[in-house]
Amino acid sequence: MDDARRPPDDRFRLMVQGVLDYAIFMLDPEGRISSWSAGAERIKGWSAGEIIGQHFSVFYPPEDVAAGKPARELEIAVERGRLEDEGWRLRKDGTRFWANVVITALYDEHGQLQGFGKVTRDVTERRDAEVALRESEERFRLLVQGVLDYGIFMLDPEGRISSWNAGAERIKGWSAGEIIGQHFSVFYPPEDVAVGKPARELEIAVQQGRLEDEGWRVRKDGTRFWANVVITALFDEQGRLRGFGKVTRDMTERRNAEQALRERRRLVGHLVDAQEVERRRIAWDVHDESIQSMVAVGMRLQLLASRLPEPHAAAVAGLDESVQAAIGRLRALVSRLRPPELDRSGLVEAVSGYVDEVAGHWGLAHSVRDELTAEPSPEAAITVYRICQEALSNVHRHARATRVDVVLSTVDNGTRVRITDDGVGTTGEDAGAGHFGLVEMHERAEAAHGWLSVTGTPGGGTTVEFWLPMLPDVTGPES
Ligand SMILES: Nc1ncnc2c1ncn2[C@@H]1O[C@H](COP(=O)(O)OP(=O)(O)O)[C@@H](O)[C@H]1O
Ligand SMILES: [Mg+2]
C-alpha cells in the first residue's frame with residue numbers, strides 16, 4: 001500500500017514516529033504513558049516496551065516529584081489547554097538534560113479529556129550556549145567595571161550618563177551614584193559648553209559612527225585634565241540609536257612628559273648651538289692670536305739662526321722646528337674646533353679628512369664611502385661631523401678594533417651615517433655617571449629631529465647609525 005492510500009491517522013502516526021529531534025508521546029488522563037516515538041527513545045533512552053504504562057513522573061528529578069511538579073503541570077494543561085516549561089529532566093540512565101516541554105490537553109468531540117500530548121526537546125546545547133554567553137557578558141561587564149586606566153561609560157541617546165566604571169570614577173572623581181542620569185556636558189570646560197561642543201561631538205559620532213578627540217576635561221573637583229576621548233554611537237539591529245559608548249583616558253602625564261621632552265630638546269639645541277659658537281670663537285682666537293704670534297716667533301728664529309755662528313745657529317733652528325711643530329698641532333686643534341673643510345668643501349671631505357687623520361694616527365684600517373645624493377644643511381653637517389668625532393673617539397678608546405668604516409648616504413629625505421668597527425662590541429647601554437659621549441650623540445641627533453642607534457654584539461663589533469632630516473625645520477617622524 002502506498003502512502004497516499006493509507007488512512008490519514010496512520011500517516012500522521014508514521015510522521016510522529018519518524019521525527020528524531022523531538023520526543024513525541026501521549027499520556028492518558030492520569031499521566032501514564034500511552035504512546036512513544038522513536039525520538040522519545042533516542043532522547044530519553046527507554047524503548048516503547050519499557051516505558052508504556054509507566055507514570056510520566058519518572059522523567060522528573062526527585063526534587064520536582066517531591067514538590068508535586070508533574071501533577072501540577074497536567075492541572076495547568078487542563079486549565080489552560082497547554083503548558084510550556086523548561087527544566088531538567090532525567091534519561092533512563094539517570095543523567096539529566098535540559099528540556100523544553102510542551103504539554104497539550106487532548107479532548108474528544110464531547111469535551112471529554114482523553115489524555116495529553118507531550119513534545120519534549122533536548123535543548124542542553126542551546127542552554128549551555130546561553131549560559132556561556134551570559135557568563136561571558138557578565139565577565140565582560142566585570143572587566144569593564146574593574147578597568148582603572150580607562151573611564152568607560154555609556155550615554156543614552158540624549159547624552160545622559162547611564163553607566164559608569166571604576167576607571168571613570170578614578171579619573172573624573174564622581175561615583176556612579178552621583179553621576180548617573182546627569183548630562184555628559186558636565187565633563188567639559190564652560191568655554192566648550194558655550195560653543196556647543198558636547199552636542200556637536202555626539203552629532204559627529206552619529207554621522208560617522210565614531211569620534212576621537214583630545215582636549216581639556218573637568219574633574220568633579222573642578223581641576224582639569226588632558227583627555228583622549230573616543231565616542232562610539234551604538235545602534236540596535238533595526239538601526240535605531242540606543243546611546244553612546246565613551247572611553248576616556250587621562251593623558252595629562254603623557255602630555256607633561258612630551259612637553260618636558262620638547263623643552264629638553266630645545267635646551268639641548270641651544271646648548272649645542274652655543275657650544276659651536278664658542279668653539280668657533282676659540283678657533284679664531286687660537287688662529288688669530290696664538291698661531292699668528294708663533295708664526296712671527298718662528299720667522300724671527302729663522303732670521304736669528306741665519307745670523308748666528310754654529311753651534312748656536314743649529315740650536316736656534318731646533319727651537320724653530322719645535323715652534324713649527326706646535327703651530328701644526330694648534331692648526332689641527334683649530335680644524336677640529338671648527339673644521340674649515342665643512343665650509344670650504346663640504347661634509348664628506350671634512351669627515352674623510354678627519355677619519356684619515358685620526359684613524360691613520362691610531363693605526364686603524366679605515367674607509368669613508370660617499371653615497372650622498374644631496375648635501376645636508378650646514379647645521380646638519382656640523383651635527384654629522386660632531387657625532388662622527390665622538391663615535392671615532394669611542395672606537396679608539398674602547399673598541400680595540402682593527403678597522404673602522406664610515407658610510408654616508410641620502411635616505412628618506414635625510415642624511416644617514418653608519419660607523420662600523422670590528423672591535424669588542426657594546427650594547428650601547430647607559431654607561432653611567434661620567435660617560436656622556438653616547439648621551440650627547442643621542443641628544444644631538446634628536447635635537448636635529450633625527451635619531452641615533454648603537455648596536456653591538458660581544459666580540460662582533462659596534463655600529464653607530466644615525467639619520468638627520470635634510471631641512472632643519474622639517475620635523476622628525478615622531479613629532
Ligand atoms: N665602539 C665601541 N666599542 C666598544 N665599546 C664602546 C664603543 N663605544 C662606546 N662603548 C662603550 O660605551 C661606554 C660609554 O661611552 P661614552 O658614553 O662615549 O662614554 P666614555 O667614552 O666617556 O666612556 C664606553 O665606556 C664603552 O664601554
Ligand atoms: Mg666617549
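How far does a polar side-chain atom of Glu390 lie from an oxygen atom of ligand 1? The distance is 3.3 Å. The structure open in the viewer is a predicted model, and this tour begins at its ligands.

**Stop 1: ligand 1**

Select ligand 1 together with its surroundings. There are 15 residues around ligand 1, and those that come nearest are Asn394, His398, Asp421, His435 and Leu438. Next, display the polar atoms facing the oxygen atoms of ligand 1. Besides the Glu390 approach at 3.3 Å, an N or O atom in the side chain of Arg397 is 3.5 Å from an oxygen atom of ligand 1. Gly437 contributes through its backbone instead: an N or O atom there lies 3.2 Å from an oxygen atom of the ligand.

**Stop 2: the magnesium ion**

Now select ligand 2, the magnesium ion, with Glu390 and Asn394. These two residues coordinate the ion through OE of Glu390 and OD1 of Asn394, at 2.1 to 2.4 Å. Colour helix α15, residues 378–399, and both residues will be found in it, four residues apart, or about one turn of the helix. Asn394 is also among the residues that come nearest to ligand 1.

Are Glu390 and Asn394 buried or partly exposed? Asn394, at 16%, counts as buried.

**Stop 3: Glu214 on strand β8**

Move to strand β8, residues 210–218, and select Glu214 within it. With 35% relative accessibility, Glu214 counts as partly exposed. Leaving aside residues up to four places away in sequence, Glu214 touches Trp226, Ala227, Asn228, Met251 and Arg254.

The side chains of Glu214 and Trp226 are joined by a polar contact of 3.0 Å. A polar contact of 3.3 Å is made between the side chains of Glu214 and Asn228.

Arg255 lies over the face of Trp226, at 4.0 Å from the ring centre.

**Stop 4: aromatic pairs**

Show the rings of Phe, Tyr and Trp. The model contains 13 aromatic pairs. Begin with Phe56 and Tyr60: the ring centres are 5.5 Å apart and the planes stand at 85 degrees, so this pair is edge-to-face. Phe56 and Tyr60 are both buried.

Then select Trp88 and Trp98. Their ring centres are 5.0 Å apart with the planes at 85 degrees, so this pair is edge-to-face. The pair links distant parts of the chain, with Trp88 in strand β3 (residues 82–90) and Trp98 in strand β4 (residues 96–107), ten residues apart.

Arg127 lies over the face of the Trp98 ring, at 4.0 Å from the ring centre.

**Stop 5: a cluster of rings**

Finish by selecting Phe25, Trp36, Trp46 and Phe59. Ring pairs link these four residues into a cluster.

How values were computed
Residues are numbered from 1 along each chain as its sequence is written. Chains are lettered from A and ligands numbered from 1 in the order in which they are written. This is a predicted model: local features need pLDDT of at least 70, side-chain atom pairs count only at pLDDT 80 or more; totals for chains, interfaces and linings use all residues. Side-chain values use heavy atoms; hydrogens and water are left out. Donors are N, O and S atoms within 2.8 Å of the metal (3.2 Å for Na, K and Ca); water is not among the atoms, so sites may look incomplete. Helices (H or I, at least four residues) and strands (E, at least two) are DSSP runs, numbered from the N terminus. Buried means under 20% relative accessible area, exposed over 50%, partly exposed in between (1.4 Å probe, protein chains only). Contact means heavy atoms within 4.5 Å. A polar contact is a pair of N or O atoms within 3.5 Å; within protein, one must be able to donate a hydrogen and the other to accept it, and residues adjacent in sequence count only if both atoms are side-chain atoms. Rings of Phe, Tyr and Trp (its six-membered ring) pair if their centres lie within 6.5 Å; planes under 30 degrees apart count as stacked, over 60 as edge-to-face and the rest as tilted. A charge sits over a ring if NZ of Lys or CZ of Arg is within 6 Å of the ring centre and within 35 degrees of the ring normal. A residue is near a molecule or strand if one of its heavy atoms lies within 4 Å of it.
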